[in-house]
Amino acid sequence: MQTELIKYKEAGKFEETRFEKIHNVIFESSQEASIIVAQEIATLIKNKSAINEPCVLGLATGSSPIKVYEELVRMHKEEGLSFANVVSFNLDEYYPMDKNNIQSYYYFMHEHLFNHVDIRPENVNVPNGSVSPDDLHQYCIDYENKIKELGGLDFQLLGIGRTGHVGFNEPGSHFNSRTRSIILDHITRADAAPSFRGIDNVPRKAITMGVGTVRIAKRIVLLGWGLNKASILKDTIEGEITGQVPATYLQDHDNTTFVLDQGASAELTRVKTPWLVATCQWTEELELKAVVWLSQLVDKPFLKLTDKDYNDNGMSDLIVEEGSAYDLNIKMFNKMQKTITGWPGGKPNADDSNRPERATPERKRIIIFSPHPDDDVISMGGTFDRLVQQGHDVHVAYQTSGNIAVSDDEALKFAEIVKSYNEDSKEPNAIIDDLNNKTGNEIDSLEVRKLKGRIRRSESLGATRYLGLKDSNVHFLDLPFYETGTIKKNNLSYEDISIVSDLIEKIKPHQIYAAGDLADPHGTHKVCLDAIFKALDDLKGQDYMNDCWVWLYRGAWHEWESYEIEMAVPMSPDQVLRKRHAIFCHQSQKDGVMFQGDDNREFWVRAEDRNRLTAKKYNDLGLADYAAIEAFKRYHF
């Protein structure tokens, strides 16, 4: 895809839908999109340098622009891209915040960009989170004036918060607002909580460029990644301009492009319900998506939908193609019915032509990959239990130690227990001292991280033993990318992929289960899934891989939509309780879990609610009524 494809196009001339009010481009992945955005920025820098002018960049922080900065650094080091003519202005900073704090945006920008390129230090402008309260008002005026003196921003890079904020312009921000201090919305603070090890540590205030400041930029590119942003992006792109969604003010900017990945675009009308936009090329998958949508819209099960229901809701062409509502309804009912099985490993000595899994071999070798030490039981504990009970050779692989999710108080409790049993040991004393003397967001010492990892490991063994699995079938991979001691992880490495590959090579599985839930707030699921996918690519030529099926589960943060599900495993009320007990084995994660986002429910409650909701959706479509259902989608490699 060429850079010019993301250049601004006038509203009404860039899409085939009347719904959208902001130019947007959808990419297969955020990685691909980030490279294209970086190329546009690099071209601008070069063009301004060629005419001996400064290139004034407005820059964003957070997870969204990281890959853009990585590509700019690569171009600097490998292609000679110079930042000597660049003057940068960052959007915002927490207040109060010392610039040397690892949570500061000053630290973030130097860590990800400025320390690795030749930008002049005097050309770097990040709001000062240490300015005194008495001087803050004038400081904001001066920051604003400095941008104006340079003729405004040539290019503004933005992310978007789930409140619809750009920068820290929270709901209620004015169209013409300028650089100022602001109180952060609770949702914004909840989203930042993982980086601060809990919402109580997140500052309540910030300094931010205003909406009016951003809007004077000559060019604006907003990055939107992931399912978490899909809803607010639909509101921003298709909704009315309102101060309650400050990003909608960008509809009035004459050169703005939203750059989205597949997940972030999921709620847009042309993606979610394309039949409302234009004539569709109907595939069986799209038919199922449409019929599920219609069934939910008119609150009828599949088999009660009529020709009129289809005609009244923009789907008359589908009925023409299929012949009648009756024929289509039966077809979709049967397709959903075939996803249901009580035998996730395949039912022995049974006709498997209408089942999601193969009957043979009767006893399968299975690996359940779990990014954190509790994702297996949270997301597929009932299926896990059933696979063991049905006699399969089940292995569980915990990809990371999960140590950063153990609170200091929890670790201190265990260290004091160890000390009480062994007064002569120096290690517990050192750990206790480290925990008691820890300040702010200081990184845990290696000894503390080891203890926290051991806590998670022992909890995992408690859960797997409860479900009847031998300890020898439990594998703790401790992938190196995770072991930084901070929320920010290293990039996936060959070593990470090799560890995953070696386990697959050793087990030679017929089934692999992996976490396809990519909305966790600190990105570990995505890296862990990438490690599995890359390992599968490396092993693709092996004979045993021809007989290996991969099933993706969700449940910790989102669930598969009904039309996406390819295997639905029902649970009885007793199995729901067994799953709950297995989750309870992870005691350090039960009360006051550190990384739960803005959902205050404990993970066991979330999991049960989602499993019950999935079962209800099946029942509402006219299928059998179950207490709960765990859902899976097959990945083809």
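## A cis proline to start with

Pro361 sits in the loop that runs between α12 (325-337) and β11 (365-370); helices (H or I, at least four residues) and strands (E, at least two) are DSSP runs, numbered from the N terminus. The peptide bond joining Thr360 and Pro361 is cis, with omega at about -10 degrees. This is a predicted model, in which local features need pLDDT of at least 70 and side-chain atom pairs count only at pLDDT 80 or more, while totals for chains, interfaces and linings use all residues. Residues are numbered from 1 along each chain as its sequence is written, and side-chain values use heavy atoms, with hydrogens and water left out.

Tyr95 and Pro96 are also joined by a cis peptide bond, and omega there is about -5 degrees. Pro96 belongs to the loop between β4 (92-95) and α3 (105-112).

## Two positive phi angles

Most residues other than glycine have a negative phi, and most peptide bonds are trans. Back in the loop between α12 and β11, we find Asn349. Asn349 is not a glycine, yet has a positive phi of about 55 degrees. Is Asn349 buried or exposed? Asn349 counts as exposed because its relative accessibility is 72%; the scale runs from buried (under 20% relative accessible area) through partly exposed (in between) to exposed (over 50%), using a 1.4 Å probe and protein chains only.

Asp478 has a positive phi too, near 45 degrees. Look for Asp478 in the loop between β13 (474-476) and α17 (494-507). With 30% relative accessibility, Asp478 counts as partly exposed.

## Inside the cores

A nonpolar core here is a set of buried Ala, Val, Leu, Ile, Met, Phe, Trp, Tyr and Cys residues joined through side-chain atoms within 4.5 Å. The largest one has 60 residues, and Phe302, Tyr310, Phe369, Val500 and Ile504 are the ones that touch the most other members. Helix α18 (residues 524-539) supplies the largest share of this core, with nine residues. There's also a second, separate core of 35 residues, with Ile41, Tyr69, Phe114 and Ile119 among them.

What does Val500 touch, if we skip residues up to four places away in sequence? The partners are Phe369, Gln399, Leu477, Leu479, Ala531, Ile532 and Ala535, where contact means heavy atoms within 4.5 Å.

## A closer look at Ala290

Ala290 is part of helix α9 (residues 284-298), and is buried because its relative accessible area is 0%. Leaving aside neighbours within four places in sequence, Ala290 contacts Trp275, Trp282 and Met315. Ala290 and Tyr563 are 273 residues apart along the chain, but 8.6 Å separates their C-alpha atoms.

## Cysteines without a bond

How many disulfides does the structure hold? The count is zero, with a disulfide being a pair of cysteine sulfur atoms within 2.5 Å. For Cys528, the nearest cysteine sulfur belongs to Cys548 and is 18 Å away. Cys528 is buried, with a relative accessible area of 0%. Cys280 also counts as buried, at 13% relative accessibility.

## The second largest cavity

Among the lining residues of the second largest cavity are Asp374, Ile378, His586, Lys590 and Trp604. By class, this lining has five nonpolar, two polar and three charged residues; Ala, Val, Leu, Ile, Met, Phe, Trp, Tyr, Cys and Pro count as nonpolar, Asp, Glu, Lys and Arg as charged, and the others, Gly among them, as polar. The elements giving two or more residues to the lining of the second largest cavity are α19 (573-584) and α20 (603-620). On a 1 Å grid over the protein atoms alone, a cavity is a set of points where a 1.4 Å probe fits but cannot get out, and lining residues have an atom within 4 Å of a point.

Definitions and conventions. On a 1 Å grid over the protein atoms alone, a cavity is a set of points where a 1.4 Å probe fits but cannot get out, and a pocket is an open set with protein on both sides within 12 Å along at least five of seven lines; lining residues have an atom within 4 Å of a point.
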